[in-house]
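Let's take a walk through this structure together. Have the sequence and the 3D view ready, and follow along.

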Amino acid sequence: MVASPEDYPWSSFHANALGASDPLIHPHSEYLALDADATQRLEAYRELFKTALSDDQLLDIRSHLQQQRALGTHRFQAAIEAELGRVAKIRPRGRPRKVF
């Protein structure tokens, strides 16, 4: 889509990595845990983007997007399933086999 996250106008990168003010962005606990100091937190967040995703990570992201499933830990997926009442895990291709 873009060469750098800061090139995407609707990204939270501007707020989380560059310190831009955005009334729609509210820091979550994982972000705040990066560092107690705001300046160091911005730097720590930028560091997260300096390493490219592996081919396996990209495949996992694409698989979840194609099936519109929640990407995360089993605990996270179970919470999503309980909250939304729908499957959050990747399903195998095709219809489930009939059991007689």
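Start with helix H4, which runs over residues 55-66 and gives the most to the lining of the largest pocket, with three residues. Keep in mind that you're looking at a predicted model.

His64 has a relative accessible area of 7%, so it counts as buried, the cut-off being under 20%. What does His64 touch, leaving aside its neighbours within four places in sequence? Its contacts there are Arg69, Ala70, Leu71, Gln77 and Ile90.

Now for the rings. The structure has five aromatic pairs. In one of them, the ring centres of Phe13 and Tyr45 are 6.2 Å apart and the planes stand at 45 degrees, so this pair is tilted. It ties together distant parts of the chain, with Phe13 in helix H1 (residues 13-16) and Tyr45 in helix H3 (residues 38-48), 32 residues apart. Phe13 is buried at 5% relative accessible area, and Tyr45 is buried too, at 14%.

Tyr45 also pairs with Phe49: their ring centres are 5.1 Å apart with planes at 50 degrees, so this pair is tilted as well. Phe49 itself is partly exposed, with a relative accessible area of 40%.

Conventions: Residues are numbered from 1 along each chain as its sequence is written. This is a predicted model: local features need pLDDT of at least 70, side-chain atom pairs count only at pLDDT 80 or more; totals for chains, interfaces and linings use all residues. Side-chain values use heavy atoms; hydrogens and water are left out. Helices (H or I, at least four residues) and strands (E, at least two) are DSSP runs, numbered from the N terminus. Buried means under 20% relative accessible area, exposed over 50%, partly exposed in between (1.4 Å probe, protein chains only). Contact means heavy atoms within 4.5 Å. Rings of Phe, Tyr and Trp (its six-membered ring) pair if their centres lie within 6.5 Å; planes under 30 degrees apart count as stacked, over 60 as edge-to-face and the rest as tilted.
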